[in-house]
Amino acid sequence: MPALLEVQDLKTHFFTRQGVVRAVDGISYTVDRGRTVGIVGESGCGKSVGALSIVGLVPNPPGRVVGGSIRFDGQELTTMSKREMGRIRGAEISVVFQDPMTSLNPVMNIRTQLTEGLRFHRGIDGRKATARAIELLELVGIPDSARRLKEFPHQLSGGMRQRVMIAIALACSPKLIICDEPTTALDVTIQAQILELLAQLQRDSGMAMILITHDLGVIAGVTDEVIIMYAGTIVEKAPTTQIFHSPQHPYTRALLASVPRLDGGEREFLEAIPGAPPDLADPPAGCRFSPRCTERDDCCRADAPELVGTASSDHWVACWRHGGSCGL
Amino acid sequence: MTVNGSHLLEVTDLVKHFPITRGVVIQKQIGAVHAVDGVSFYLDQGETLGIVGESGCGKTTLGRCVIQLYRPTSGTVLLEDADLASLKGNELRRRRRDMQIVFQDPYASLNPRKNVERIVGEPLVIYRIGSRVSRKERVRELLDLVGLSPSHAERYPHEFSGGQRQRIGIARALALDPKLIICDEPVSALDVSIQAQILNLLKNLQKRLGLSYLFIAHDLAVVRHISHRIGVMYLGKLVEVAPPSYLYSNPLHPYTSGLLSAIPIPDPDLERARSRRLLTGDVPSPAAPPSGCVFHPRCFRARRRCSEEPPAMVHRSTGQSCACFYPLDGEA
């Protein structure tokens with residue numbers, strides 16, 4: 001059976017006055033049915049833009065998908081009209097955004113926002129829709145749901161609002177749910193509740209999930225596979241345990257070493273990565289991590305490495321240190 | 001030296017209430033947000049005290065009350081031998097030289113219309129220290145100290161990345177050779193790779209200059225890394241203070257243990273094998289804190305006594321302090 005989602009060489013660029021910003025520059029990955037894939041990277045690495053490109057939510061102008069293909073359940077998404085995309089978004093693929101404070105409509109009550117998708121995609125309205133809305137709120141763990149339906153977003157706490165966002169995303173039983181930093185705006189105790197909820201919903205419904213985050217701890221607990229992005233490209237992808245136990249790319253290793261850990265031994269100093277991520281309007285030649293990499297050589301500065309498989313077949317790395325040759 | 005020992009900073013029973021008012025022309029106070037509600041702690045020279053807690057627990061207000069950006073409602077803030085909370089005007093200004101603050105948001109805390117030289121040199125101008133030439137020299141020295149190039153002095157904040165801006169903020173805080181720096185979430189706006197650079201810089205500076213830090217953050221892993229002692233705040237109160245090794249392996253307060261178990265560990269095996277004690281519910285409003293122990297509505301060990309009277313901070317010989325009637329190492 002083909003994968004649920006196949007992203008091939010996706011390129012999303014932003015055309016700004018300062019030049020072309022290559023926010024996503026040729027990324028490929030697949031998401032199988034019922035699996036959870038984590039996409040990790042620092043701010044500006046293209047992890048959100050890459051995922052929002054799937055559902056056509058990159059603001060155009062200035063952003064545009066300039067190359068590659070996205071196949072979802074047998075359909076090509078990049079060439080779809082807005083109307084066709086509208087029928088998929090919210091029904092087949094839904095999105096949970098980072099900020100529950102701004103992603104709900106402040107002047108619509110919870111019921112209207114929850115049933116909007118049901119009305120539009122499934123033609124369910126009235127009492128049936130209300131019943132489903134109550135069911136959804138109970139599913140995401142909001143007590144006293146009948147009363148909550150009449151409330152407005154400002155009457156809910158941050159954690160509750162994120163639960164409502166998740167309920168909206170689940171309304172039409174999508175095949176794929178994209179969570180873009182779903183817990184970044186929340187406190188840790190609330191984050192733990194939401195992550196637990198997402199994992200449980202994913203297990204029960206069998207939907208696939210893309211979880212975008214900058215927090216390696218969040219990734220460790222929830223995902224099956226991890227994709228590490230740096231400066232618009234994928235530098236490594238592998239099953240979650242392998243990323244953490246045998247990271248191959250110098251960036252992945254440096255990233256793991258730079259995180260202060262709760263369970264870590266007494267380390268006097270963290271291993272910081274020198275420098276800062278590059279400007280994507282003018283990325284460095286060759287491997288984009290090379291200016292900050294401790295293992296770079298002439299090859300790395302001359303030519304960008306491809307993502308290649310390592311000894312273990314589902315572990316992929318884009319680094320000259322791990323196979324391939326640049327021809328120098 | 002101080003009357004009561006040799007602490008650099010000693011805060012006793014600090015309270016900060018923000019009034020809630022009603023009416024436009026004639027304002028009437030109808031309540032108060034209990035942002036900080038009776039907090040006591042000390043800080044020694046060369047030591048870092050970390051303050052952790054969730055948003056709205058009062059940790060930022062606490063920092064601002066210490067440096068007198070907010071005047072406390074009551075309580076004392078002893079810096080060496082002077083009570084800052086009762087000082088005013090020139091007297092306070094003279095004392096405040098010894099304390100500086102580094103803010104959370106490196107984008108909002110630097111004036112975009114001033115170049116780095118004027119930003120970092122401003123404290124020197126305010127306190128009329130040195131000549132124009134010697135100030136210029138000092139700014140370059142400070143930039144070098146925080147890992148920036150002296151040639152950066154001519155540039156403006158927008159030309160720098162987040163991590164570099166935070167270095168500028170640190171250089172500014174160091175300009176007057178302070179004894180105490182209040183770091184209010186100095187790394188939470190930064191990416192992890194940059195965060196590590198700034199944490200290492202702060203540790204280095206502490207070693208070289210003998211600084212004390214009051215390090216406020218919401219990230220327990222970050223605080224563990226940099227602190228000698230850690231205070232956990234909940235709803236305006238300190239609920240536990242302990243050295244990191246004790247706090248993380250053997251927390252006494254139920255809230256501390258709930259907070260710790262909520263933090264994900266970047267290791268899939270450990271993370272999945274953990275037994276979690278998830279806290280339920282949300283933090284109550286500090287405008288109407290619960291009776292008795294403020295944590296009791298979310299506490300898994302709460303009994304009747306917890307809702308009736310507030311527990312006092314109990315200090316132990318191990319250096320741990322905890323405000324709980326039924327600490328986790330007691331009988332259940």
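User: How many residues of chain A are in contact with the 37 residues of chain B?
Analyst: This is a predicted model, in which local features need pLDDT of at least 70 and side-chain atom pairs count only at pLDDT 80 or more, while totals for chains, interfaces and linings use all residues. Residues are numbered from 1 along each chain as its sequence is written, and chains are lettered from A and ligands numbered from 1 in the order in which they are written. Two residues are in contact if their C-beta atoms, placed from the backbone, lie within 7 Å. By that criterion, the 37 residues of chain B meet 36 residues of chain A.

User: Which element gives the most to the side of chain B that touches chain A?
Analyst: Helices (H or I, at least four residues) and strands (E, at least two) are DSSP runs, numbered from the N terminus. Two or more residues on this side come from each of helix H6 (192-209), helix H7 (220-226), helix H9 (254-262) and helix H10 (268-273) of chain B. With 8 residues, the most is given by H6(B).

User: How many nonpolar residues does the side of chain B that touches chain A have?
Analyst: Ala, Val, Leu, Ile, Met, Phe, Trp, Tyr, Cys and Pro count as nonpolar, Asp, Glu, Lys and Arg as charged, and the others, Gly among them, as polar. On this side of chain B there are 8 polar and 10 charged residues, and the nonpolar residues number 19.

User: Why does Leu198(A) count as buried?
Analyst: A residue is buried if 20 or more other C-beta atoms lie within 10 Å of its own, exposed if 12 or fewer, and partly exposed in between, with C-beta atoms placed from the backbone. Leu198(A) sits in helix H7 (residues 188-205) of chain A. Its contacts beyond four places in sequence are Cys179(A), Pro182(A) and Val222(A). Leu198(A) counts as buried because its C-beta neighbours inside 10 Å number 22.

User: Which helix of chain B is included in what covers the buried residues of H7(A)?
Analyst: The buried residues of H7(A) include Val188(A), Ile194(A), Leu195(A) and Leu198(A). Their cover includes helix H6 (158-170), strand E7 (176-180) and helix H8 (216-222) of chain A, and from chain B, H9.

User: What span is expected for H7(A)?
Analyst: The expected span of a helix is 1.5 Å times one less than its number of residues. H7(A) has 18 residues and reaches 25 Å from its first C-alpha to its last, close to the expected 26 Å.

User: How many residues of strand E7 of chain B are buried?
Analyst: Strand E7 of chain B covers residues 180-184. Leu180(B), Ile182(B) and Asp184(B) point one way, Ile181(B) and Cys183(B) the other way, and all are buried.

User: What is the handedness of the crossover from E7(B) through H6(B) to E8(B)?
Analyst: Two strands pair if DSSP finds at least two bridges between them. E7(B) and strand E8 (residues 212-217) of chain B pair in the parallel sense over 5 bridges, with Tyr213(B) as the bridge partner of Ile181(B). A crossover is right-handed if, with the strands pointing away from the viewer, the path from the first strand over the helix to the second runs clockwise. This β-α-β crossover is right-handed.

User: What is the radius of gyration of chain B?
Analyst: Chain B has 11 helices and 12 strands. The radius of gyration is taken over C-alpha atoms, and the globule rule is 2.2 Å times the number of residues to the power 0.38. For 332 residues the rule gives 20 Å, so chain B is as compact as a globular protein of that length, with a radius of gyration of 21 Å.
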